[in-house]
Amino acid sequence: MSESASNTSQRKSEHIRLCLTNEVSFRQKTNGFENYEFIHSAVTEVDINKISFQKKLFGKKINYPFLISCMTGGTTEAENINSMLAEVAEEIKIPIGVGSQRQALENAYFHNTYKVIRSKAKDVPVLGNIGAAQLVHLNVKEIQKLVDMLDADAFVVHLNPLQELLQPEGEPYFVGLLKKLESVCKKLSVPVIAKEVGSGIDKISAKKLLDVGVKGIDVAGAGGTSWAGVELIRKNEIENPFWDWGLPTAYCIRTVNELKKNYNFLLIGSGGINSASEMAKAFSLGADLTASARIVLQKLMSEGQEQVKLMIESWFKYLREVMFLTNSQKLSDLQKNKIQKKELLT
């Protein structure tokens with residue numbers, strides 16, 4: 001294993017260890033969902049037993065529009081984590097993403113930590129992943145190799161300028177990103193999704209991404225894991241003011257959703273979605289798919305696969321009940337003025 005691959009693997013191990021704690025949460029900023037409340041419908045005619053969340057995503061049937069978000073790969077413990085998560089995804093039929101495949105480009109030693117996901121999640125969408133800072137230096141053929149490695153159904157490019165800025169080994173260089181993304185979107189064999197990692201994607205940035213051919217936006221807003229916090233802990237600089245930098249998830253979903261008037265794209269709501277209520281509000285504000293990472297990882301490592309499945313299924317049971325109480329037979333109905341800012345309900 002090369003020195004660069006070894007360093008990348010060690011950094012990924014540190015990231016897993018820190019994300020198993022609550023030390024890396026945003027300190028003062030929230031995801032913004034607490035500012036909203038559902039509008040109760042006293043006259044509901046919804047048949048709760050006929051509410052279904054099944055749909056097709058990237059040509060494959062899923063039972064729930066919930067993504068086990070991109071987390072890990074490229075380190076010894078990642079293979080076991082990805083194997084268990086992939087089994088969960090396959091059993092309850094939900095999509096799953098892999099962590100950054102950067103390490104796979106550096107060395108083949110840990111390739112199976114990524115491949116294990118497709119070997120266990122045979123019939124659900126699997127999302128590949130690379131960082132924007134790496135993308136600007138790669139050609140389309142190299143990205144296609146990462147897609148082929150996983151037999152991926154879509155490919156995520158994660159945008160993490162704040163993390164790269166603060167990471168001791170960071171590469172805060174994104175010059176030429178949109179041009180490279182445009183080339184990748186045109187030539188790659190699968191759709192490209194752009195996601196943040198916890199600072200959020202605003203409407204202006206989302207429009208730029210959609211204009212170059214991106215087919216999905218994962219807003220990954222502030223309020224959950226602070227990747228600035230992760231890197232600041234790693235270099236013992238915990239009082240840095242950038243710890244809470246970012247746009248709240250609720251704001252990102254609501255405003256990026258406005259672009260659906262002119263663009264056809266998949267809107268993924270993520271960023272501190274740690275409860276059924278937050279997930280339901282994300283859908284109501286416009287998300288087509290919701291996603292979580294750290295709470296899934298923590299639940300997996302502390303309580304096991306069965307509890308992860310039960311958590312996700314219980315969240316969608318609650319969502320059904322919300323839909324019944326808001327007179328929403330389908331998720332698209334839930335997005336039609338069924339939620340309001342609290343101050344407007346007084």
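Begin by selecting α7, α8 (177-187) and α9 (203-211), each of which supplies at least two residues to the lining of the second largest pocket. The model on screen is a predicted one.

Keep α9 highlighted. With three residues, α9 gives the most to this lining. Next, select Leu159, Pro161, Glu196, Asp202 and Ser205, which lie nearest the centre of the second largest pocket. The lining has 17 residues in total. Colour the lining by residue class: ten are nonpolar, four are polar and three are charged. How much space lies in the second largest pocket? The volume is about 440 Å³.

Now move to the largest pocket, with a volume of about 840 Å³. Select Cys70, Met71, Lys195, Val197 and Trp227; of the 42 residues that line the largest pocket, these are the closest to its centre. Then show the elements that give two or more residues to its lining: α1 (3-19), α7 (161-166), β11 (289-292) and α13 (294-303).

Which element gives the most to the lining of the largest pocket? Select α1, which gives six residues. Colour this lining by class as well: the residues of the largest pocket's lining divide into twelve nonpolar, 24 polar and six charged.

For a last stop, select α7 again. This helix is among the elements that give two or more residues to the lining of the largest pocket, and α7 also supplies at least two residues of the lining of the second largest pocket.

Conventions
Residues numbered from 1 in each chain as written. Predicted model: local features only at pLDDT ≥ 70, side-chain atom pairs only at ≥ 80, totals over all residues. Heavy atoms only, no water. 1 Å grid on protein atoms, 1.4 Å probe; cavity = no way out; pocket = protein on both sides within 12 Å on 5 of 7 lines; lining within 4 Å. Points joined across faces, edges and corners; volume = space filled by probe spheres on them. Helix = DSSP H or I, 4+ residues; strand = E, 2+ residues; numbered from the N terminus. Nonpolar A, V, L, I, M, F, W, Y, C, P; charged D, E, K, R; others polar.
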